Amino acid sequence: MIYLDNSATTKPYKEVLDTFVTVSERYFANPSSLHSKGSEAEKLLGQARKSIAQLLEVAPSEVVFTSGGTEGNNIAIKGIAFQHQNRGKHLITSSVEHASSHESFQYLESQGFEITYLPVDHDGLISLEDLERSIRQDTILVSLIHVNNETGTIQPIQEIGKILKEHPKIFFHVDNVQGVGKVDLPLKECGIDLCTISAHKFHGLKGNGILFVKNGVSLSSLFTGGEQELKKRAGTENVAGIVAMAKALRLILQESKEKRENLFEIKQFLIEELRTIDGIDINTPISSAPHIINFSVKGIKPEVLIHSLDKRDVYVSTRSACSSRQGGASRILLEMGLGENRASTAIRLSTTYGNTLKEAELSLKILKEELINIKKVMR
Amino acid sequence: MKMIYDHLVVRYGELSLKGKNRRHFESQLFETVKRKMRPFQELNMSKHFDRIVIELNGQSYEPIVKSLQDIFGIHSISLAVRSENDLEAIQKAALIALNEAMEGKKTFKVTGKRSLKSFPVNSMQLNQEVGGYLLRNTEGLTVDVHNPDVNVKVEVKDTGTYISSKSFEGAGGLPIGVGGKAMLMLSGGIDSPVAGYLTMKRGVRIEGVHFHSPPFTSERAKQKVVDLTQELTRYSGGKIKLHVVPFTKIQQTIKDKIPSSYSMTIMRRVMLRITERLAENNHAMAIANGENLGQVASQTMHSMYAINEVTNMPILRPVITMDKQEIMNLSHKIGTYEISIRPYEDCCTIFLPSAPKTKPKREKAIRFEQNIENLEELIEEAVNDVETLILEEGKSTDETFDDLL
């Protein structure tokens, strides 16, 4: 099996699964229960929070556990908007956000908020001048994706943070679901107030995520009915999943330290080879995340290609898993001005540290063969 | 971000003590710094007359500076570039340092200091030569010698020239270990950890004492104190011992035999006696606590007068003059606030009478106390059954979880 859909989800590390099973068996009590079993679970939860905080270089009180990326983005964006709407109702984001952000903003728009969707260039980057120009007296939030989930484009978060430092009343939310362990993001240095992270994108389990909320940032909570998660997110904590996530985070950061170059090597190889194939356009910009390669194949429906690769045990995707079932053109690629044709024929390869150059070579060979097969049939 | 700073210069501050004492202070501090820097493996450290120089060897400075800011006895930490003792090299390095620190600022000055007298350019000339070079090679900057946004310090030493433009404030105080040892009474509230921090600030080592009354106080209340102590290890130069005193029997006896309006006063007197014993057993010469004047029943001047009588040992009360808000601010700063506000009852609140005396009389306290005939025995028993935990910086208190995380 060659699995190249790691931006959709990753395979959990073996150690992560072991942790999950052990914790589920031994520390299954509700951390809010008063008895000693509850106390034990609470302690373990606290250790996990501390460990995650250390890895992210933030304070434990700034780590809020969520169910994942979609929830994190929703809580952050709507939470800030509703909490601070008395100060202003203008929000800034980009036109290339993940659906969970994009649709949160569309919802807020229907609730009377005013949204600026910053346009992007051919590489998928927003312009800093545009951002500066769009800031107004009543702007309360800037929310941007760090690493684009379809193209691997990296927004210049650090520079954006610098601009926003001049506007201390504006909250800065970053969707870092795709970036963890692949592209560094020092939260404090970048002046980030809120940051969304999802465990299953770095070999943790589905149903777990983190929302970093800087101390002093107040959010209206979307869930009520308990005091868990610093009252920002009520509900019984998923202790086993959270501890497993702490482990996954530690392991991915370790791997990223040791093997980041491998990913770049694989990406470079794939891009160079893909370029030589007739009818293929590379959509991923040159300077981008090490693990995402997006390209379009002229005249071939991506679903057809995915299924024929599938038969050969190679797994890739069209684009964001969250919108891939809708068919049609990619909103992101359209916004980048790549045109309807390219936007509706895009394929995404996404790697992780387990992938090898050998796998890349083999999948490329298979891709070439399948392209020939498909073209034969189509003729 | 590009890394240009390759050194940290750690200054000791006003350790104005001379001769033997100073040497002792400095070597204590150096030991603490070395221990604290253990998690950062690639560092080289060296001790000089009035400073410690840390070579970063490519590591980012933020976590290191943050960690150093926990150490008492350090006045300031500067980011520095080292250059050869050569005017041109110094000028170039100064320009790099200035550019790094300037961001949005407009004025600077150069403070030259020639400690190496064989260097041909003296301090005054250094200011002019380096300042002039910086003016020529930057745009929009001016010199302001009185109130500059950035101060570029240039110090010529025999080991090279250190140029720094960015400084961080140290924790101040005296190096831990130079001032003896005190027993810190830790209830789990907001004040006592702050008192512990401030005690350590004077160079005093601490050991914690906590009174535990199961089943009236829960495991979580004890864990809270363990976690507070763990947090304080950041400032302790390594380890802190925590003595957990079994207090149930005594509290029950007090409830039985003492009028409720005096139970708090008597309880405090007994706690103090036990702490004194523990101090003697552990070679401590003082007791520290989070007492404050005028906050709650036991913390009035009258109350203190009625309680303090039982010991001759000095009692340090570092937060005695502070407002609650000041204490809370410090508590936030040192990282104990979030732990202190966990809502578990401690031994002080569990048997709290509905109307404690705010002006207890010493004579009455002494008289009531005599109701407990076997007090000495009870104290002896509690001291003998103390559970002692050793907490160490950077080590989780429960290693059974380590494999899971």
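**A hairpin, its sheet and the domains around it**

Strands β7 and β8 of chain B form a hairpin, with two residues between them. The structure is a predicted model, in which local features need pLDDT of at least 70 and side-chain atom pairs count only at pLDDT 80 or more, while totals for chains, interfaces and linings use all residues. Residues are numbered from 1 along each chain as its sequence is written, and chains are lettered from A and ligands numbered from 1 in the order in which they are written.

β7(B) and β8(B) pair in the antiparallel sense over five bridges; two strands are said to pair if DSSP finds at least two bridges between them. Within this pairing, B:Lys157 stands opposite B:Gly160 in β8(B). Strand β8 of chain B (residues 160-172) also pairs with strand β4 of chain B (residues 74-83), again in the antiparallel sense, over nine bridges. Here B:Val81 has B:Ile163 of β8(B) opposite it. A parallel pairing is found between β5(B) and β7(B), which share seven bridges, and B:Arg114 has B:Val156 in β7(B) as its bridge partner. Strands of a sheet pair through backbone hydrogen bonds, in either a parallel or an antiparallel sense.

Put together, these strands belong to an open sheet of eight strands with mixed pairing, in the order β2-β3-β1-β4-β8-β7-β5-β6 of chain B. At the edges stand β2 (44-47) and β6 (142-143) of chain B, each of which pairs on one side only. Helix α3 of chain B (residues 87-102) packs on the sheet and touches β4, β5 (107-114), β7 (150-157) and β8 of chain B. The direction of helix α3 of chain B makes about 35° with that of β8(B); axes are lines fitted to C-alpha atoms, for helices over the stretch in contact, and angles run from 0 to 180 degrees between N-to-C directions.

Stepping back, chain B holds 14 helices and 14 strands. The C-alpha trace of chain B spans about 85 × 50 × 40 Å along its principal axes. Of the 405 residues in chain B, 40% are buried. A residue is buried if 20 or more other C-beta atoms, placed from the backbone, lie within 10 Å of its own, exposed if 12 or fewer do, and partly exposed in between. Among the contacts in chain B with a separation of 6 or more, 80% join residues 24 or more positions apart; a contact means that the C-beta atoms of two residues, placed from the backbone, lie within 7 Å.

The domain assignment divides chain B into domain 1 (7-172) and domain 2 (181-401), with bounds that come from an automatic or database assignment. The C-alpha centres of domain 1 of chain B and domain 2 of chain B are 42 Å apart. Five residues from domain 1 of chain B and eight residues from domain 2 of chain B take part in the contact. On the side of domain 1 of chain B, the residues are two nonpolar, one polar and two charged. In these counts Ala, Val, Leu, Ile, Met, Phe, Trp, Tyr, Cys and Pro are nonpolar, Asp, Glu, Lys and Arg are charged, and the others, Gly among them, are polar.

Chain A is assigned domain 1 (2-8 + 258-378) and domain 2 (14-251). The centres of domain 1 of chain A and domain 2 of chain A, taken over C-alpha atoms, are separated by 28 Å. Each of these two domains gives 20 residues to the contact. Between the chains, 10 residues of chain B are in contact with 15 residues of chain A. Helix α6 of chain B (residues 219-232) gives the most to the chain B side, with three residues. That side has four nonpolar, two polar and four charged residues.

Most residues other than glycine have a negative phi, and most peptide bonds are trans. The peptide bond from B:Pro214 to B:Pro215 is cis, with omega near 0°, and B:Pro215 sits in the loop between β10 (205-212) and α6 of chain B. B:Asn57, although not a glycine, has a positive phi of about 50°. B:Asn57 lies in the loop between β3 (51-55) and α2 (61-68) of chain B, and counts as exposed because it has 12 C-beta neighbours inside 10 Å. B:His283 has a positive phi of about 60° and is not a glycine either. The loop between α8 (260-281) and β12 (286-288) of chain B holds B:His283, which counts as exposed with 9 C-beta neighbours inside 10 Å.

Definitions and conventions:
Helices (H or I, at least four residues) and strands (E, at least two) are DSSP runs, numbered from the N terminus.
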